Every structure is written in C-alpha cells, then in structure tokens.
Amino acid sequence: MHLINPEVLSVIAPFEDVIIRTACRLLIPFIQLYGLYVIAHGAESPGGGFQGGVILGASFILLSLAYDVDEVRKRVSEKRNLIFCSVGLFIYSGIGAVCLALGGNYLNYSRLHHLLPVDPVYARALGIFGIEVGVGITVMAVMISIFFDLASKHEDPEEGTSLGMDR
Amino acid sequence: MKIQKRGLLLEWIVSKYNYWIYIFLMMIGFYAMIGKKNLVKKVIGMNIFQTSIILYFISIGSKKGATIPVMEHGHGGTIQAIQYINPIPHVLMLTAIVVMVSTFGVAMALIIMIYRKYRTIEEDEILKLRK
Amino acid sequence: MKSIALIAVCLTGILLIYGTLDMPPWGDPNTPASLHVSPRYIEKTVEETDVPNMVTSVLADYRGYDTLGETTVIFTAGISCILLIRRFSQ
C-alpha cells in the first residue's frame, strides 16, 4: 500500500478554516493561563509540574494545528526551544546543588533556610515549588519539540535540500 | 459442594474483577503488538498495553471509603492513614506516564526513518525488501 | 499468523488471571502496599513539609531523586527525536 506524498496533499488542499482559527485564537491564552495555574497550585490541589507542562505544550500544538505547522515553527524558533529544554533541567539540578553547597545532602531543601529568611519547614515547600517550575518548563519544551519533529514536512533525501537548523 | 464452589467463584469475581478488566485491556494491547502487520498499529498496541498497566497499579492503592490524597482544609485533628488512599502508586505511575510518552515519541521517529529508507511501513514488505 | 497470536494472547491472559487469585481484594486497607512506609508519608506530610498535596510532596521531596531521573528521561527522548529526524546541512 503506497502512502500519499504529503507535499502533494498540502498543495491540493491546504488547511484553512475561519471558524477553527478564530476559536483557537480566543482559547489559547486561557489554556496557557490554566497551565500556569496547574503548575503553581501543585502544592494545594491535584496538579504539579508534569501536568502543567503538558497543558502548556498542548496549547502550542493547538496553535500549530489551526495555522500552518511550518509557519508556527518559524515563529517559535527551535534554538530557543532547545534552550528552554535545558534551562528546566538546569533549574532542577541547580536547586539540588545549592542545597549541597549550603552544607546538607543533595536535594535536601531544608538547608535553604540559610539563604532565604524562612523557617526550615517552609523552605521545603519553596524547594518543591522551585523544582516543579523546572520540570514544567522542560516538559513543555520537549512536547513542542517532539511534535515539530514528527509533524513537519520532510524534504526528500534524493533532492538534496535538508530541513535543518541552518536558519 | 456445588454451592461452596459457586460461593468461592462469586467471591473471587466480586473482590478481584477490577484486576480482570485491566488484564483484558492488557491482552487487547498485546494482541495488537504481535498480531498486526502495520508498524503504527503495533505502536498503538504498545500504548494500550502501557495504559492498562498504569490503571492496574492505581487500582491497587485504593481503600474503601477513603478520599483522594490531598489534605482537606479545616482538618484540625490528627490525620489517619485510613482516610486517604495510598499516594505511592500515583507517584510511580506519573513516572510511568512520562516514560510512555518518551517511548512513543522515539518509536514514531524510528518509523519515520524506516519509511524514508524502505518507502513502506508494512512489516512483511520490509522483510521482503531486506532479503 | 493471527491464530497463533490469538492462542498466545489467550494463554497469557489465563495465566495472568490465575496469578491474580493471590492478590488482596479491591479496597482493602490492609494490603501490603499500604502498610510499610505509606502511613508515614500520609501522616507526616504537613508537619514536615508545608504541602497538603501528598502526591506532590512524595514525588518532589521524599522521592525527589527519582523525579530528577525522570526529567532526564524525557529530556533524552526529546534529544533523540531531534538527532534521528533532523538533518543538519554540512
């Protein structure tokens, strides 16, 4: 069974719909706000870093489904996306290393009370919030990156041009 | 003797039917992984298999009459462990969900690479082309 | 081929159902999974960490090192997708 060439399909029937575009334009800011709410309230209600990160990533995927994938890929530049990926993991390990530098074990958040003017029990809650932010940023960036890799147009290997990071 | 056997079977069904439902879902995913020829259908079967395992573990930690593992406000007295369901399977399954998404992403990337080389994603045609 | 797969699947299903006959009944508070360290996590999560959500406090504080490994797993998956699919111009 031969698969249809995707470049031919997007020339015959490019996807444009006014209703979907308008509805997505109205909804996406609220989805992102909800994703940030879920990350920030990980301590009080069900939620946390992973859940909020996936919601934030899903808002970008919705944007690229409503508009052209390659157009959105140019706006959300891939270099910045990779930097976000690494920054989230760096925040997580960085908080652990700060706790190590202040004299405790690795990821022992109660030692953060030497740095911030709070008591040791509340310092653990602040450490938990900090690593949830890091995890949320990494999960959002990886969701966007995997979707752009799988859904964008791939040039034919015999043609010679490549779709890489040379912009 | 027959009434004792029927009572035992009914007791098994009433106390363990949740495990049996998840095993049924697991077997659907397992059949899709080994019985289908299209590579994308195999990956979907792997997804169903992993989802059923996640649900199975969550059902192990439930307690009768207990509430979700988030402490209610205004709870002045001591917290008793029998009022909240076990939070540890939920924690382990968050990791399992993340692993599920990662393997799905890498599997789809490998399928794209296979399509680029062989121009088909049916398993028997790929095996014929390799000979 | 499909009939062999069906037989294998049915055999595996019967073996797994035979394995669940030893498992504790659904909803029992005295299962071995809820007895050793789980009551300590439930009872002490507000007085040791100031966080009411027990799942978040176990995930991010008591078992924070596993969460670091898990974040590395998803980061590695993103990097491998990039390395497999994108072609860099020389």
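How many helices and how many strands does chain B have? In this predicted model, chain B has four helices and zero strands, and its elements run α-α-α-α from the N terminus on. The radius of gyration of chain B is 22 Å, well over the 14 Å that the globule rule gives for 131 residues, so chain B is more spread out than a compact globule. Its C-alpha trace spans about 70 × 50 × 15 Å along the principal axes. Of the 131 residues of chain B, 19% count as buried. Among the contacts in chain B with a separation of 6 or more, 49% are accounted for by residues 24 or more positions apart.

Chain C can be described in the same terms. It, too, has four helices and zero strands, and the order of elements from the N terminus is α-α-α-α. The radius of gyration of chain C is 22 Å, whereas a compact globule of 90 residues would have one near 12 Å. About 55 × 50 × 15 Å is the span of the C-alpha trace of chain C along its principal axes, and 31% of the 90 residues of chain C count as buried.

The next point is how these chains meet. In the interface of chains B and C, 41 residues of chain C are in contact with 41 residues of chain B. On the side of chain C that touches chain B, helix H1 (2-19), helix H2 (38-48), helix H3 (54-62) and helix H4 (64-85) of chain C each supply at least two residues. That side of chain C is made up of 27 nonpolar, nine polar and five charged residues. Between chains B and A, nine residues of chain B are in contact with eight residues of chain A. Here the side of chain B that touches chain A has six nonpolar, one polar and two charged residues.

Is Val70(B) buried or partly exposed? With 19 other C-beta atoms within 10 Å, Val70(B) is partly exposed, because a residue counts as buried if 20 or more other C-beta atoms lie within that distance.

Val139(A), apart from neighbours within four places in sequence, is in contact with Gly49(A), Phe50(A), Gly53(A), Val54(A), Gly57(A) and Ile74(C).

The buried residues of H3(A) include Gly49(A), Phe50(A), Gly53(A) and Gly57(A), along with Leu56(A), Phe60(A) and Leu63(A). Covering the buried residues of H3(A) are, among others, helix H2 (18-40), helix H4 (69-75) and helix H6 (120-151) of chain A, together with helix H3 (88-118) of chain B. The length of H3(A) fits expectation: the 18 residues at 1.5 Å a residue should span 26 Å, and the end C-alpha atoms are 26 Å apart, which agrees.

Elsewhere in chain A, Ser93(A) has its place in helix H5. Ser93(A) counts as partly exposed, with 16 C-beta neighbours inside 10 Å. Tyr106(A) is 13 residues from Ser93(A) in sequence and 9.1 Å away in space, C-alpha to C-alpha.

Finally, a word on confidence in chain A. The average pLDDT of chain A is 85, and 84% of the residues score at least 70. Confidence in chain A is highest in H2(A), at a mean of 94, and lowest in helix H1 (residues 6-12), at 63. Residues 158-167 of chain A have a pLDDT below 50, and this stretch has 16 contacts in the model beyond near neighbours in sequence.

Notes:
Residues numbered from 1 in each chain as written. Chains lettered and ligands numbered in written order. Predicted model: local features only at pLDDT ≥ 70, side-chain atom pairs only at ≥ 80, totals over all residues. Contact = placed C-beta atoms within 7 Å. Nonpolar A, V, L, I, M, F, W, Y, C, P; charged D, E, K, R; others polar. Rg over C-alpha atoms; globule rule 2.2 N^0.38 Å. Buried ≥ 20, exposed ≤ 12 C-beta atoms within 10 Å, placed from the backbone. Expected span 1.5 Å × (residues − 1). pLDDT = per-residue confidence, 0-100.
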